[in-house]
Amino acid sequence: MRVYLDDERTPPPGWRLVRWPDEVIALLRTNEVEELSLDHDLGDDERGTGYDVILWIERAVVEEGFRPPPIRVHSANSSARQKMEAGVRAIEKLAARFGP
């Protein structure tokens, strides 16, 4: 499945819309996510942001040998987008280092 994390946008056809980071993480744990697209600002920072998903994936790659799907960032928040894209690059390097 292709997972689209956002609080306002409509996902492209064929993508499953989720609203919160914990929902994304639950889907990632199923190992059925083929592609991931993340927004940062979700309307309730106490509930989490797209960056929280990035942090979870980084930790899961190192600690659990998690194999991340391709990750896109579609956030309009330019500074958060840069931070998230840096996290995606780090995840790619970690996956190459810690993966099978």
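## Helix H3

Buried residues (under 20% relative accessible area, 1.4 Å probe, protein chains only) of H3 are Ala 80, Met 84, Gly 87, Val 88, Ile 91 and Ala 95. They lie on the same side of H3, because the arc they cover around the axis is only 110 degrees, taken from the directions from the helix axis to the C-beta atoms. Facing away from that side are the exposed (over 50%) residues Ser 78, Ser 79, Gln 82, Glu 92, Lys 93, Ala 96 and Arg 97.

The buried residues pack against strand S3 (35-38), helix H2 (50-64) and strand S4 (71-73). Helices (H or I, at least four residues) and strands (E, at least two) are DSSP runs, numbered from the N terminus.

## Basis of the model

This is a predicted model, in which local features need pLDDT of at least 70, side-chain atom pairs count only at pLDDT 80 or more, and totals for chains, interfaces and linings use all residues. Residues are numbered from 1 along each chain as its sequence is written, and side-chain values use heavy atoms, with hydrogens and water left out.

## H2 against H3

The axes, lines fitted to C-alpha atoms over the stretch in contact, with angles from 0 to 180 degrees between N-to-C directions, come within 9 Å for H2 and H3 and cross at roughly 15 degrees. H2 and H3 are therefore roughly parallel to each other (angles under 35 degrees).

## Thr 49

Thr 49 sits in the loop between S3 and H2 and counts as buried because its relative accessibility is 9%. Beyond neighbours within four places in sequence, Thr 49 is in contact (heavy atoms within 4.5 Å) with Pro 21, His 40 and Leu 42.

Notes. Parallel < 35°, antiparallel > 145°, perpendicular 65-115°, else oblique.
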